[in-house]
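Trainee: Please take a close look at one part of this model, the aromatic packing inside it. I would like one connected account.

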Amino acid sequence: MTGFIGLQTLGQFTNSHIDQHSILKFIFTIINYIDHIWKILFILILPVPFILILNKLNFTDTVHYTLRFVLDNLVKYIIFIFCGIILIYISFLIYQIPIHFLGIISYYEPILQTITKIIRLFIAVIFYIAFFKFYIDSQPKANQNPIV
């Protein structure tokens, strides 16, 4: 005896008190929330490479500068990110609509997947270039008056 009267193994505990389906559902819910947190963090750290390259700041100054940039341009930033998400979703639809009519198992699926991945990559590159332009245009002008 171990000295603990109420000690049970993990298998006995999960089988008797909590069903395994509930545990798996809880784990997948946590993973889903973590996935959403990563997406939100990605949206917030999107301008970080530009800030690091153009301003040459250390880590803490970069975090402060990024948050200040996002908060100063919050409405334009949210609209811009939303447009990027819509563009990526359109590339997803370019794949889903033909697959619905052709069927999952067809000879055209690998060709269609390749074409849609190329389109999605092209859209992502164009979006990131547009974001660079957005970042440059959103920077406060240091000298508003031209030198005469």
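Mentor: Y77 and F131 are both buried, where buried means under 20% relative accessible area, exposed over 50% and partly exposed in between, with a 1.4 Å probe and protein chains only. This is a predicted model, in which local features need pLDDT of at least 70, side-chain atom pairs count only at pLDDT 80 or more, and totals for chains, interfaces and linings use all residues. Residues are numbered from 1 along each chain as its sequence is written, and side-chain values use heavy atoms, with hydrogens and water left out.

Rings of Phe, Tyr and Trp (its six-membered ring) pair if their centres lie within 6.5 Å; planes under 30 degrees apart count as stacked, over 60 as edge-to-face and the rest as tilted. By this rule there are 9 aromatic pairs. One of them joins Y77 and F131 edge-to-face, at 5.8 Å centre to centre and 70° between the planes. Because Y77 belongs to helix α5 and F131 to helix α6, this pair ties together parts 54 residues apart in sequence; helices (H or I, at least four residues) and strands (E, at least two) are DSSP runs, numbered from the N terminus.

F80, also buried, forms a tilted pair with F131, at 5.6 Å centre to centre and 50° between the planes. F80 lies in α5 and F131 in α6, so this pair links parts 51 residues apart in sequence. Beyond its neighbours within four places in sequence, F131 is in contact (heavy atoms within 4.5 Å) with L46, P47, F50, F69, Y77 and F80. One aromatic cluster is made up of F69, Y77, F80, F127, F131, F134 and Y135.
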